[in-house]
Structures are given as C-alpha cells and as structure tokens.
Amino acid sequence: MGVEQKLGNMGIATTTLEQAVNWARTNSMWPMLFGLACCAIEMMAAEAANYDMSRFGMELMRASPRQSDLMIVAGRVSRKMAPVLRRLYDQMPDPKWVIAMGDCASTGGIFNNYAVVQGVDEIVPVNVYVAGCPPRPEALVHGILILQEKVRSEHLSQWR
C-alpha cells in the first residue's frame, strides 16, 4: 500500500520563489553566540532541552561569524567590546539579523555610565529587542518567533 492510496490524490502544490526562500531562511537560522553577562545564562537555557530551540532550525550556537546569520547580543556591551562586536557583525554573511537580548543590550540597563554602550543599536542594526533583566528563555523564544515572522514577510525588492 503506497502513500497515494493512504492520502489520496494530493495534486500539485504551488508557491513563489520568494515564499520558498523565506521559508528556508526562517527555518534554518544559525545563531552566533555572543553572551556577555547574565543574559547569556538564559540564552543557554533556551538552547537546552526544556525550550529546545532546535525545533526552530537552530540546532546549535555557532562560534564563527562566517557560519552564522543571527547574532544574539545577550548582556551589556562595554565600549572596549564595541569594535569587536562590529567586526564580528561585518564578518557575518548576508542576510544577517540581530537580536538585542536584555535591558543592558537594548538600552544600557542600570549601567548608565561612560564605559557601557547605551544600546547595541549604536553599533549594529537591531531587528528584535527582547526585554527583561535578565529575560526568561520564553522571552527569547518569543523574540525568535517575531524575527521569523519578519523574515517570512520579506519581499524580493528588500533583498540585496
């Protein structure tokens, strides 16, 4: 008994190239680990078995920027670390996305001084902000779902 007999005549499935590419990009993002403070613990917890980010196509965190297309900046960024963050972002292949995880990465958090960058968007363009100090793994998963929805709705004219 074949699949055709069990399922019946399924016909032809059609889609556009734009939708197929966006589906592939959405379900195969490779995040680069960039944990700088306490938010990194929550980012690691989101990768663990309880939250299982592999169901979103993110099997493991990449240590190399050349193998990743999603940068999750988790924690506060010092002024000394800012050029390193920018260099790693520039080494990532296009298309690339950034998630600012936590209040410190988003706005500087409680560290309102000269040594901490007041928001990582001063250095790299941010696509999604995840609030919290530190944000729970559920918040990071929600941020990833928001990013996936943005990627899924991109148009051909937006591609470089």
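Q: Where does Cys39 lie?
A: Cys39 lies in helix α3. Helices here are DSSP runs of H or I with at least four residues, strands are runs of E with at least two, and both are numbered from the N terminus. Before we go on, please note that this is a predicted model, in which local features need pLDDT of at least 70 and side-chain atom pairs count only at pLDDT 80 or more, while totals for chains, interfaces and linings use all residues. Residues are numbered from 1 along each chain as its sequence is written, and side-chain values use heavy atoms, with hydrogens and water left out.

Q: Why is Cys39 called buried?
A: Buried means under 20% relative accessible area, exposed means over 50%, and partly exposed is in between (1.4 Å probe, protein chains only). Cys39 has a relative accessible area of 4%, so the word is buried.

Q: What is Cys39 in contact with, leaving aside its neighbours within four places in sequence?
A: Contact means heavy atoms within 4.5 Å. By that rule Cys39 is in contact with Ala74, Gly75, Met101, Gly102, Pro134 and Pro135. The C-alpha atoms of Cys39 and Ala105 are separated by 9.2 Å, with the two residues 66 apart along the chain.

Q: Why is Thr26 called buried?
A: Thr26 is found in helix α2 (residues 17-26). Its relative accessible area is 1%, so Thr26 counts as buried. Leaving aside neighbours within four places in sequence, Thr26 is in contact with Phe56, Gln148, Val151 and Arg152.

Q: Why does Lys96 get the label buried?
A: Lys96 has a relative accessible area of 17%, and therefore it is buried. Its place is in the loop between α4 (82-91) and β3.

Q: Which backbone oxygen does the side chain of Lys96 reach at 2.9 Å?
A: That is the backbone oxygen of Tyr89. The side chain of Lys96 also reaches the backbone oxygen of Met92, at 3.4 Å. A polar contact is a pair of N or O atoms within 3.5 Å; within protein, one must be able to donate a hydrogen and the other to accept it, and residues adjacent in sequence count only if both atoms are side-chain atoms.

Q: What makes a nonpolar core?
A: It is a set of buried Ala, Val, Leu, Ile, Met, Phe, Trp, Tyr and Cys residues joined through side-chain atoms within 4.5 Å. The largest one here has 21 residues, and Met53, Leu70, Ile72, Ile99, Leu140 and Leu147 have the most contacts inside it. Helix α6 gives the most to this core, with five residues. A second, separate core of 18 residues includes Met32, Val77, Val98 and Val117.

Q: How do you know that β1 and β2 pair?
A: Two strands pair if DSSP finds at least two bridges between them. Strand β1 (residues 31-35) and β2 have five bridges, in the parallel sense. In β2, the bridge partner of Pro31 is Leu70.

Q: How many bridges do β2 and β3 have?
A: They pair over five bridges, again in the parallel sense. Leu70 stands opposite Trp97 in β3.

Q: What makes β1 and β4 the edge strands?
A: Four strands form an open sheet in the order β1-β2-β3-β4, with parallel pairing. Both β1 and β4 pair on one side only, and that makes them the edge strands.
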